[in-house]
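I am opening my notebook on this structure and will write down what I looked up, entry by entry.

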Amino acid sequence: MENFSEVIEIFFSLDNFLAIAIGVVIGVVIGSIPGLTATMAVALALPFTFSMQPVAAILLLVGIYKGGMYGGSITAILIRTPGSPASACTLLDGYPMAQQGHAKKALKTALYSSVIADFISNIALIFFAAYLAKIALNFGAPEFFWLICFSLTIIISLASGSMIKGLMAALLGILLSMVGLDDVFGSQRLTFGSYNLMDSISFIPLLIGLFAIPEIIEFYRKKAIPHIKAKASGAGLAFSELKRCMKSIVRGSLIGVIIGAIPGTGATAAAFISYSDARRRSPNKANFGKGEVEGVAAAEAGNNGVAGATMIPLLSLGIPGDVITAIILGAFMIHGLTPGPLMFQENLSLIYALFMGIMFSSVVLLVVGNVAIKYFSLIADIPKSILFPIVLMFCVYGAYAVNNDTFDVGLMLAFGVLGYVFNRAAIPAAPFLIGFILGPMFEDNLRRSLLIGSNDLSIFVRGPITWFFIVLTVGSILLAIYRYLSTRRELRAGTGTGDEAP
Amino acid sequence: MTTSEPKRRVKVKDASDVIAGVVLFGFSVVLIFYLVPNYINEPPILQSPMMSPQWLPRIVGWLILVFSILLILQGLLVEGSNEEDERTIEKGSPRRFGLMVVALAIYVTLFEVMGAVFCGILATLILFVAHPVRTWWVYSLAFVFPIVVTFLFVEVMNVPLPMMPFWF
């Protein structure tokens, strides 16, 4: 009871409410600008928190994080430019929906899925923090290695057209992630003597190049057509549609919670896994990738389900789950706090005040998100001939801002050309991106496992967790092959019938 | 009238898959036999070949080689789906595309020399002309946006961008 009054006293301060509101607004705005990520916004906001109270400071950063996670989906849906890596999956169905005149529906779906997932993630943070963190604590390098293997096999199901092209794209992504200095021996890998490549290829130029530039190139390569106004003010999301998506949202949220609670994975992987899972289970699976509302819901639920859960290992173990939580960890330390089990004993009131603030941020996200849809959807009504030169400017500025080097601008354009070639050859970009993200994690855990096991390969089958992931990985591969073969068989049977019919 | 010649010729079902497969096959061969041995340094002593910096790139290279052969076979034997037919586009004027290339080149070559504002204005104007935008006041946006966005980056968000050389 004494704690409760203290929690109320800490939380019910105008500073905290303002911090959450401002944080979410900044997050949504920054997240929706291509090239500016939530990570960059959180990092840039950190110096502003020096003079703030610890709870307000942390809530400001958490607000930016959550706002940024949702904001990234706005431009992904409207102009096929993910504002953050995690929303790359949202554009798979969000952008086709916008093209079909259902931009508002897609944005509303993204918002409601984000808020619901965020809420579920927060509940998980509050009730299951210690339990889930305990499971994740049992993961060593071999377990992570198999977890990543399993994630890589999911790429197969992401390749909507040809499984071979999906795998090829993933392999190219993995190969590209190896450019730079080798972590163990420090030897150069495919850097060709360039200093700019030694620190590996920057993620932001790659992301912008792959997803924004091909759209611009194609616009100027294609014959000019009269501007058709995107109906961003069209029909919203019907309750029946939300109800239909509910299972995917809840499953996506739980996937986000589990992945978010495991340090080292992230929102992007959660979004793709959730999307893939929803596609596998949905009766409308054929519509995925062509503007399926459930696809947007699953992707957003996956990436927002991570937001609260990444705080689980951070608060209970002091282990940051991703880059943003690492920055938040820095904010804790600036204010003289050390997250971990001891903090639950020494600063319990502060932790509960944070929990309240984090829960409140979901409500703020709902309000700010609704306003953002009203105004940010105006982007969809601007003719592409006006919008694309401005988007290109944001892309160039964003790419340059990573390292303050025009090399990254050139890199972004090179990836833009590659993305355009991928589009022309119908090679999916999503597996390429996933390969690029998971490649270094795969290699790192492989080598760490070998070092731990003194080069004895039996370390990869050392316990029930590794076996669990091995079974999942093999099962996923077999399932993908079975699906591929049965689709081809159905296609052949269909063609055969069609031939015979006349 | 009919000859046996067309029957003997292998009919390519999807030419772009075959082209992509051939390009990737060539790339994988160059990667495995030239790039990996010459551009990835290997330490003299290794406890396990799997620890080598060359190990994973080589594995990836071989896998690309295998899948590129499969892609060629797919292009030769499997009919392209309707989804992939959407790849065909009606090309616009070369002038429009050329102006876009010029705008991109301006960003790459002049960004640090002339600054973000100048490059932003010039490239945006070129792209407006390329389409072309017929509403005259829209051209004012080509001046307003680069200035406002540069200000936002530099002053509000503390993200340094190159300024015009005569700015202090």
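Which side chains of chain A and chain B meet in a salt bridge? I found A:Lys165 and B:Asp17, with 2.6 Å from N to O; a salt bridge here is a side-chain nitrogen of Lys or Arg within 4 Å of a carboxyl oxygen of Asp or Glu.

Before going on, I note that this is a predicted model, in which local features need pLDDT of at least 70 and side-chain atom pairs count only at pLDDT 80 or more, while totals for chains, interfaces and linings use all residues. Residues are numbered from 1 along each chain as its sequence is written, chains are lettered from A and ligands numbered from 1 in the order in which they are written, and side-chain values use heavy atoms, with hydrogens and water left out.

Entry on the interface. I counted one salt bridge between chain B and chain A, and ten residue pairs in polar contact, both residues at pLDDT 80 or more (a pair of N or O atoms within 3.5 Å; within protein, one must be able to donate a hydrogen and the other to accept it, and residues adjacent in sequence count only if both atoms are side-chain atoms). On the side of chain B that touches chain A, H3(B) gives the most, with eleven residues, and that side divides into 45 nonpolar, 13 polar and nine charged residues (Ala, Val, Leu, Ile, Met, Phe, Trp, Tyr, Cys and Pro count as nonpolar, Asp, Glu, Lys and Arg as charged, and the others, Gly among them, as polar). Helices here are DSSP runs of H or I with at least four residues, numbered from the N terminus. The contact takes 67 residues from chain B and 66 from chain A, where contact means heavy atoms within 4.5 Å.

Entry on salt bridges over all chains. I get twelve by this rule. A:Glu143 forms one with A:Arg462, the closest N and O atoms being 2.8 Å apart. A:Glu143 lies in helix H7 (residues 141–158) of chain A and A:Arg462 in the loop between H21 (429–452) and H22 (464–500), so the pair ties together parts that are 319 residues apart in sequence.

Technical notes: Helix = DSSP H or I, 4+ residues; strand = E, 2+ residues; numbered from the N terminus.
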